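Hi everyone, thanks for making time this morning.

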Amino acid sequence: MRAQASALADHAAGAPLESPAAVGLALATTRTAFEHRAVVVGEGRGELLAATEALARGDAHPGVVVAGAGEAGTGTAAGKTVFLFSGQGSQRPGMGAGLYERFPAFAAAFDEVCALLDEHLDRPVRDVVFADRSGALDHTTYAQAGLFALHVALARLLGAAGVRPDVVIGHSIGEIAAAHVAGVFDLPDACRLVAARATLMGRLPEGGAMATVAATPEELSPDLDAHGGRVAVAALNTPGNTVISGAAGPVAEIAEAWAERGRKTRALTVSHAFHSPLMEPVLAPFEEAVRDLAYRPPAVPLISNLTGEPADERIATPGYWAEHIRRPVRFHPAVAHVAPDAGTFVELGPDSTLTAAARRTLEHVRPDGPAPRTVATLSSRQPDAHAFVRALARLHIAGTDVDWTACFPDGSAPETVRLPTYAFQRERYWLGDAGGGAGDVSAAGARRVRHPFFAAAVELADGGLALNGTISANGAAWTTGHAVAGLPIVPSSALVEWALLAADEAGCGGVEELVVRDPLVPPARGRGPRVQVTVGAAREDGRRDVRVHSRPDHGPRTADDPAWTCHAHGTLAPPAPGPAAPAPEDERARAWPPPEAVPVDLDGLRQRTVAAGYEDGPAFDGIRAVWRDGSDLLAEVALPDEAGGHDGYGLHPVLLEAALRPALLDVPDDARAREDDVWLPSAWNDVALWASEATTVRVRLSPTGDPGRNARRVRVTLTDPAGAPVLTVGSVTLEPVAVEDLRASGGGRTDGLFTLDWTPAPAPTEDASGRYIELDALRTALDADPGAPAPPVVLTRAPTASGGDARRAAEAASTLVRDWLAEPRLSGSRLVVVTRGAVSVDGGERDVPSLADAAVWGVVHSAQAERPDRFVLLDTDSDPEEARLREAVAAALAQHEPQVAIRSAQVLVPRLARAASPGREPPGRTVRSPWTGPC
């Protein structure tokens, strides 16, 4: 997810003119919502981009909404969605005003509710909620009316965003909104009930009090009895906390007594003592006022304030709603009842009052495991629109399907934009495939070889030897970490190491000479080319020929598989006389580095390496220090962790390749024949391995004479940190190679690419006579009889232009295509357009004779991309005989061929074929460039 955010941030930074709204909509509606999700919220491009960059870094940011610690699930909606409608006391001036300005769905619903309420009230509800600062909103009448309008508008807005409840719970006045959403009342009747309740309760004499006490109703029962019923339980909001309500004096006495016992108490700021005996004078007139309303059973489960359990048939009676005014609100029992099945509690109200109470309850009823999410749609600490979008974000992260089009000001979706594709991250769960196998190779006449690339050595009948293996990016990642002039190649040091392995398997003394021909291109991923190192039979002097070949691994062999490519050839030294060849001079007596050696700046070496065209990955960054010692260059090289370890190598190719890097310091720029030359090892002589599996070496590079301006030779000596010999190279020849030649010989090979080849068409299985009519003849026939049926196939010659003007020919072809598609009588017919010399179907054709016909071919070919069933292209080299033309048309129709060509009376069709390497002509075919003549 962070990688996706990083890609998006880079995209946004590079597309400053794109609308943030269009980008947001495209992200929400044109991309799959995966399990792990995040939402970025902000005002304007700057805030959104900053939050996206923070998400990419994994930093906390106020504009980033992600799953919180302990929240259940990520991106998977588990459990029911419960709407909580807040009660009186949560109101605040201006509540919902930001949503009214921002969301048309909210404004329309709010206006609708206010219009129905205003019929029964003295002042417009919307003015009191949004504009009045005199305190009128805190009066019971307008507090209840305003909250109900907010509840309904929030429910409508959430519904427009695709968020709907599975269960509803209301707190006091909030239960009327819950009942309306559940279907107990339609909106006009719900507004009548709210208006009657609010006005009757608002006309009661002010007085009374309410307080919350940290005690259970059972603990408070003796205190309530002692005051003769003048105080009652008003609400059960959280476990262990009870709201009491009644006459001001007794309420204060009870709260003070419990405070003295060390219990927490708090007096509430209210105008009336709700849900207490002081409400009883309004019960009868209220029940009478709502007697003629239309009541229905709830269509959505509603948890009752009166019981804390699902509402029964009593909720559809006036008596229930009269009791609702007097009896306590059993909120925490309602939350506890639904908690086992709940996934998300969504509070619809001005603030997070009920979500806080719900969390307290959930801590008691679900102490183990992840608790349901609690989401407040609005907050007094944030702008309304910002808080609401954050609420949608949390719901989206929890797995709720959110319709984000509701977040656009005009309610419509702006034009979508192109976004970065998915940030794929691949991890292997299996051991890397190094190309070797663990089977019993002896059954195949081979012996096992301990090497990362080669599994077996096969003795040949003529006395030779073959090592077979496969280069795999999964088995040795360093093979893809080396490039020259932008072309990934396996370093020649690897070919040398393979030749040393072959020398060891053949019993030879080392590599006398190895000449590098073509570079070996490694696989970008997965399994790569097959590699074969062959050793010839021993000559009289004991020497043997050695060659390194490769071929792409396309699975089972087929007849058109590409041939083997030789990458290096040379000679293996004869076996050493006696028990062992003498080791080179021991370096242990020498000081390291020599006192007179001058350090070389490594940054300068890296810059020189890059300037020379080398692009090395982390696996090749093993040079730790470099010195100059007279004409020699010294270095210390260690095997990086990225190289994957030394197991199985005689000397890891990465060590040997890094050991040669300092030699680039002594290659002057003016020694290159061309500006785009790169210096590469072209020949290795007298290579001998004295110790295997070294991980750290000392290097000495000594010039061995100047063989010419465009070549350099160095002797290479590698020792271990103690000075004991590891590997010696009599000379390595470095020569400049043109980049274009490098790519043509190695990277230019198109073994994995295909080209278009024209092959003979299968003979048609049916007679083609009478299958088509000329276009001009068809027009004449239709003019004479407009109702005549159109034939299935119509043929026409390419439109001609004066002087062979390609542009005019293309315009005429465009007109032909448009007219053909616009004629409804021809909707079931196919047009065969005949061109002459429009395409080259074989390498032997030096050019395309008709540029005008080529333009026609291109226009019709483009039309085929959109309407492949309406056009066929047929190219000829002369005026073909009618029979040959009908044969070509028949072949095209029978095989559903969109393009056909006639050459020397032969019908050809295009097919994909594996591309040949540039400069390597396929057997039996002459390739001539179409650009050999003047342009």
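I'll talk about the nonpolar cores and then about some salt bridges. Please keep in mind that this is a predicted model.

Let's begin with the cores. The largest nonpolar core has 107 residues, and helix H7, residues 140-160, gives the most to it, with 12 residues. Among the residues with the most contacts inside this core are Phe-106, Phe-148, Trp-321 and Leu-392. So who touches Leu-392, if we leave aside neighbours within four places in sequence? Leu-158, Ala-161 and Val-163 do, along with Val-402, Trp-404 and Cys-407. There is also a second, separate core of 78 residues, which includes Ala-494, Ala-506, Tyr-614 and Leu-664.

Now the salt bridges: a search of the whole structure finds 34. One of them joins the side chains of Asp-292 and Arg-192, at 3.0 Å from N to O. Asp-292 sits in the loop between helix H12 and strand E9, and Arg-192 in helix H9, so this pair ties together parts that are 100 residues apart in sequence. Asp-292 is exposed, at 56% relative accessibility, while Arg-192 is partly exposed at 31%.

Another pair is Arg-628 and Asp-666, with their closest N and O atoms 2.8 Å apart.

Finally, a local one: Asp-776 bridges to Arg-779 at 3.7 Å. Both are in helix H21, and because they are 3 residues apart, about one helical turn separates them. Asp-776 is exposed, at 55%, and Arg-779 is partly exposed, at 43%.

Methods
Residues numbered from 1 in each chain as written. Predicted model: local features only at pLDDT ≥ 70, side-chain atom pairs only at ≥ 80, totals over all residues. Heavy atoms only, no water. Core = buried A, V, L, I, M, F, W, Y, C linked by side-chain atoms within 4.5 Å. Buried < 20%, exposed > 50% of the residue type's maximum accessible area, 1.4 Å probe, protein only. Helix = DSSP H or I, 4+ residues; strand = E, 2+ residues; numbered from the N terminus. Contact = heavy atoms within 4.5 Å. Salt bridge = Lys/Arg side-chain N within 4 Å of Asp/Glu carboxyl O.
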